[in-house]
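The sequence and structure are shown first.

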Amino acid sequence: MEALFGVFAVLAFLAALRLVFAGASLVTTLTPAAVLLLAGLILLILSHEFVNALPALHASQVVFYIVGALAITGGMGVVFSRDIVHAALYLIMTLLMTAGVFVLLAAEFLALVQILLYGGAVVILLVFALMLTRANIPRQRLTGAQWPFGLVVGAGVGTALLIMAEKTIWPGNATSGQAIDITRIGVALFDSYAIPFEIASLVLLVSLIGAIVIARTEER
Amino acid sequence: MIPLDQVVGLSALLFALGVYGVLSRRNAILVLMAVELMLNAVNINFIAFATYLAPDRATGLIFAIFIIVVAAAEVGLGLAIILRIYRNERTANVDEVDQLKW
Amino acid sequence: MLLPLPMPRAARRYQRLHPTAWAWWSALAGTIAIGVFVAIVAVIFAILDINGHFDPGNAWIMPVFTGVAFILLVLFRNFLPRKGDFISIFAIAGALTIFFFVLHDFVGGYANGAFTVYRSGFDWLNVGDFTLRIGFYVDQIAIVMLFVVCVVAFMVNVYSTGYMKGEPRYGWFFAMLSLFATAMMTLVLADNFLLMYVCWELVGFCSFILIGFYYERRSAIEAAKKAFITTRAGDVGFLIGIILFWRATGTFDIQTIINAAVTHKISDAYLITATLFLYLGAVGKSAQVPLHVWLPDAMEGPTPVSALIHAATMVVAGVYLVARTLPIFEAAPGCATVVLVVGVITALMAAIIAIVQTDLKKVIAYSTISNLGFMMAALGAGTVTGAMFHLMTHAFFKALLFLGAGSVIHATGTQEMGEMGGLGRKMPWTALTFIIAGVANAGIFPLAGFWSKDEVLKGVLDHQNATYLILLLAWVFISGVYTMRMIKLTFFGRPRDAHIYEHAHESPPNMLLPLFVLAILSVVAGFVAFEGVGQALGFPGGFGRFVTPYGEAGEVLQVVYPLAWGATALALLGFVVALYYWAGVGERAAAVARALPDLYDLVRNKFYFDDLYQALVNYGTLGVGRVVAWFDRQVVNDTGVDGTAGLTGFTGYELKLTETGKIPTYALYIALGVVVLAFVAFSVYGK
């Protein structure tokens, strides 16, 4: 089954490459990706492995693969896109796909929180910042000079994490999970984690004040 | 259900992309976006562990909530700083803010 | 701050006194002085003495006298009238007085054919097995040495009041004379090598100061340095010898070491090595070849210094050392022969050089070296009696020669014999005493030198090869030559420099008195060889019985008359030859010199020893110095210090580029660190 996952990842990677070397709009980028995706699916269906593995394949797994691929595509868009606003939009895509993964993992509350906060607040904030710093006006190169090093390090980090994921013996059930009751979250928030909860609110307060203080224009 | 390895693998890939983005993007806001990417990857990990390995406790989910909170706060503050720098230096590129060099 | 002491008075010009007045006042002053120090001595005796007996082991009180004088002079000399020279004279006179008591009681301890040896002292430092002791050992050899040191030091002190009058640092001179006397007497009394070594170095130091007394002169400084360094070279050997003996026996005590050596507790090879190292010290101090080069140069010092230190006392420290440890030299196979051979070579070589010297003091200096060689040869031949006897007589007539020369130099202002001549008419007393000393030096009957030389020659005849005897007889002849040459060129003939001859005058009484005393001693000192003298002093036997080789029955001093007459005849022949060749203005001698130019040059340049040493320094020391300097400059400085600094700077210059000031760079470093750590963790914990 890892092979399938890998295939989809490759597809997403190709889409990102398209982004890097063409830097065109969303539509022109995603269309070939979707086409490739479909083609891959068809090939898989027709292949032996897929047929053999099909009975064991859960619906949620397929959905997971699609959502995952799209998340990776979004991630690639963020880091490889040549237009900054496109990068912001790719970020939204990633965040939404992450919310989808949360749903698949039976943590719906968190999926909603994710959409609400990230998609509704953080990204808006980022776009406003883009506007205020006129990030789009001079059409300049967005990738810095040390990108080969970044690539190497990123690949290294990814490799390390993947190896860890492969080799770890998970203490518990690694194949199927159980949904966690939402009431449990609520209870935990106000019972065991009450103090971090309060502190989190403090953090927000501080960040609020800090942002105002730093970003305001002083009157002369 | 989805094998845990694969979820963690997805998270790993997203994290790696985030790392690359932090290290190679010029605009500071893009760096922040990449940081968001990394935080999201971590969130996926936490929730996966909570669901698969410790379903009797909600610890992973709580942690993920707090991460989201802190990420939001951090983005707000970070953008304030970027705006300040933009006002002083007329640029939001991290490459060009290098007064503390040798 | 004003000290409650008499302040120095302004210089007072003494009016010319009539000779009778001089004599009267000198006698009166002398009587008072004697009275005063007799009183002091009596006080001391009241403290020390029990039953009217003076324990000879307490002979250490003698150096204490001069030591106290030294301290007083160093501290207070500028506040005392006459800069305190009388303190030095009183001290040494007091020491001499005590000596007579010591002698009396030492002789009184004679029983059963042997003298008792007296010891005293205390342990100064005890560290586990290791003991440093300040100890004193009084035996016959020590008695003889003390006598010599006290008498000559006393004479020199009195003489210096006249000779050094008006010189700058007058008080300091007497302070150093006192220090020297202290050190020398302690050296002689020491019972362990370490104390002896300390005093050895101390006398060397005094010699250094006194040679360089006129330090405004470059040549004096150089001579002082040369003396110290040359003797130092010997002293290093001495120290190594001491340490070797300590390693073998675990003690510094001389008698214990002699015992160990004689009873064959030390292996032969080790013993020979240690003994030869010990001998090196004597070679340096007693100016044997090849470390003799410092003594002629030491003539840069004032003449009283030459008389005291470089004729009678310091230079015989080496002879004393060998005499004291002679059983060791005889126990180690071959060492005694080494001493003998080196002594003979020294004697002959120095005597030959003395023939062609033109500086009066240099002639006497080479004569000293030559006689030291003779004394060492006596020791090497095995006769301690002869060596100590000659040491004593030589001290007297050599000191007399020096003081007489000092008289001449004081009167004429020059040391070159080429500018003297005919001074006998202007300075009769000086000439008379000088001639007596010269005759004693040559060994003519019946003066002191005759007896002591004969004793040595007899010893050589008894114990050694005839070759050595012949060589020594040749030496006697040459001694006669240079002695008569010296006398003739200085006091007889036509004056060569009219101006100097005009101004020459006889010396004042305080300079003449020591000359007389020493002249008398030069005449009578030899007679101690006879038994009668000894019996008068209270022990059976003459000098031979007195200074006995260890453990053996004393030798009765027998004069081998054929040998003695033969030696005298040779000396007289030397006189005749000298008178012949240097008659008139010395044309015959000059003709000989012209006929043998190479030989003359060789001797004139003192056999090129000085040139050899200078070349050694130039090529050796300076060469090594150049290499070391190169190393220091190139390796230590350029590569080491500068290189390290440069490397650090360079590294910093290159490494600073990592601090770009840009955030992405630092983020990269962090991420890189994380990745590396992750992989390291994998390799360590990898599952």
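## Surroundings of C:Val149

In this predicted model, C:Val149 touches C:Ala181, C:Met184, C:Met185, C:Val188 and C:Thr313, when residues up to four places away in sequence are left out.

## Nonpolar cores

C:Val149 also belongs to the largest nonpolar core, which comprises 209 residues.

## Packing of H2(C) against H3(C)

In chain C, helix H2 (residues 61-76) and helix H3 (residues 85-108) have axes that come within 8 Å and cross at roughly 175°. Because an angle over 145 degrees counts as roughly antiparallel, H2(C) is roughly antiparallel to H3(C).

From H2(C), the residues that meet H3(C) include C:Ile61, C:Phe65, C:Leu72 and C:Leu73. On the H3(C) side, C:Ile87, C:Ala91, C:Ile98 and C:Phe99 are among the residues in this contact. Classified by type, the contact of the two helices has 13 nonpolar and 3 polar residues, with no charged residues.

## Contact between chains C and A

Chain C and chain A each provide 9 residues to their contact. On the side of chain C that touches chain A, 7 residues are nonpolar, 1 is polar and 1 is charged.

Definitions and conventions
Residues numbered from 1 in each chain as written. Chains lettered and ligands numbered in written order. Predicted model: local features only at pLDDT ≥ 70, side-chain atom pairs only at ≥ 80, totals over all residues. Core = buried A, V, L, I, M, F, W, Y, C linked by C-beta atoms within 7 Å. Buried ≥ 20, exposed ≤ 12 C-beta atoms within 10 Å, placed from the backbone. Contact = placed C-beta atoms within 7 Å. Nonpolar A, V, L, I, M, F, W, Y, C, P; charged D, E, K, R; others polar. Axes fitted to C-alpha atoms, helices over the stretch in contact; angles between N-to-C directions. Helix = DSSP H or I, 4+ residues; strand = E, 2+ residues; numbered from the N terminus. Parallel < 35°, antiparallel > 145°, perpendicular 65-115°, else oblique.
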